[in-house]
Amino acid sequence: VQLQASGGGLVQAGESLRLSCAVSRSLFSINDMGWYRQAPGKQRELVATITIGGNTNYADSVKGRFTISRDNTKKTVYLQMSSLKPEDTAVYYCNAQVRYYSGGRLNDYWGQGTLVTVSS
């Protein structure tokens with residue numbers, strides 16, 4: 001299983017970006033999906049997660065500015081980022097928890113990361 005993330009880039013403060021992350025193959029189920037980020041010199045932190053049913057959870061620092069969504073038919077998770085700030089600069093990683101078969105254990109996969117740079 002591979003997660004292919006895209007959509008990063010260089011923007012100015014106040015602008016928007018949309019990240020996408022697609023799961024490469026069909027599986028029994030894709031449960032929670034999410035976005036995490038790691039800024040230079042800092043630990044990786046949660047940005048937002050979304051359950052298979054669409055329940056969402058956000059870090060306080062992005063609430064009201066970022067929106068996570070998913071398209072289960074496309075096996076893709078999105079992160080719409082608005083009102084970007086320089087402190088949002090980081091490598092953004094997508095995550096998916098998948099089952100290969102009914103009753104199987106959850107397997108955790110990460111994308112390769114996409115760089116978001118916000119200039120002031």
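Visitor: Where does Tyr-101 lie?

Guide: This is a predicted model. In it, Tyr-101 is found in the loop between β9 and β10 (107-110).

Visitor: Is Tyr-101 buried or exposed?

Guide: Tyr-101 counts as exposed, because its relative accessibility is 54% and the cut-off for exposed is over 50%.

Visitor: How should I read the nonpolar residues of the interior?

Guide: In soluble globular proteins, nonpolar side chains tend to be buried together. Here the largest nonpolar core has 31 residues, and those with the most contacts inside it are Trp-35, Leu-79, Met-81 and Tyr-92. Elements giving two or more residues to this core include β1 (3-6), β3 (17-23), β4 (29-38), β8 (76-81) and β11 (114-119).

Visitor: Which element gives the largest share of this core?

Guide: Strand β9 does, with 5 residues.

Visitor: What is Tyr-92 in contact with, leaving aside its neighbours within four places in sequence?

Guide: Its partners include Trp-35, Leu-79 and Met-81, the other residues with the most contacts inside the core. Among the remaining partners of Tyr-92 are Leu-19, Val-47, Phe-66, Val-116 and Arg-37.

Visitor: Arg-37 is a charged residue in that list. How should I read charged pairs?

Guide: Side chains of opposite charge can pair when their charged atoms come close. By the rule used here, the count comes to 4 salt bridges. In one of them, Glu-45 pairs with Arg-37, with the closest N and O atoms 2.7 Å apart.

Visitor: Which residues are linked with Arg-37 and Glu-45 in a network of salt bridges?

Guide: Arg-65 and Asp-88 complete that network. Asp-88 meets Arg-37 in a salt bridge of 2.9 Å, N to O. This pair links distant parts of the chain, 51 residues apart: Asp-88 is in the loop between β8 and β9, and Arg-37 is in strand β4. Asp-88 also forms a salt bridge with Arg-65, where the closest N and O atoms are 2.7 Å apart.

Visitor: Why does the pair of Asp-88 and Arg-65 tie together parts that are apart in sequence?

Guide: Asp-88 lies in the loop between β8 and β9, while Arg-65 lies in the loop between β6 (56-58) and β7, so the pair joins parts that are 23 residues apart in sequence. Both Asp-88 and Arg-65 are buried.

Methods. Residues numbered from 1 in each chain as written. Predicted model: local features only at pLDDT ≥ 70, side-chain atom pairs only at ≥ 80, totals over all residues. Heavy atoms only, no water. Core = buried A, V, L, I, M, F, W, Y, C linked by side-chain atoms within 4.5 Å. Buried < 20%, exposed > 50% of the residue type's maximum accessible area, 1.4 Å probe, protein only. Helix = DSSP H or I, 4+ residues; strand = E, 2+ residues; numbered from the N terminus. Contact = heavy atoms within 4.5 Å. Salt bridge = Lys/Arg side-chain N within 4 Å of Asp/Glu carboxyl O.
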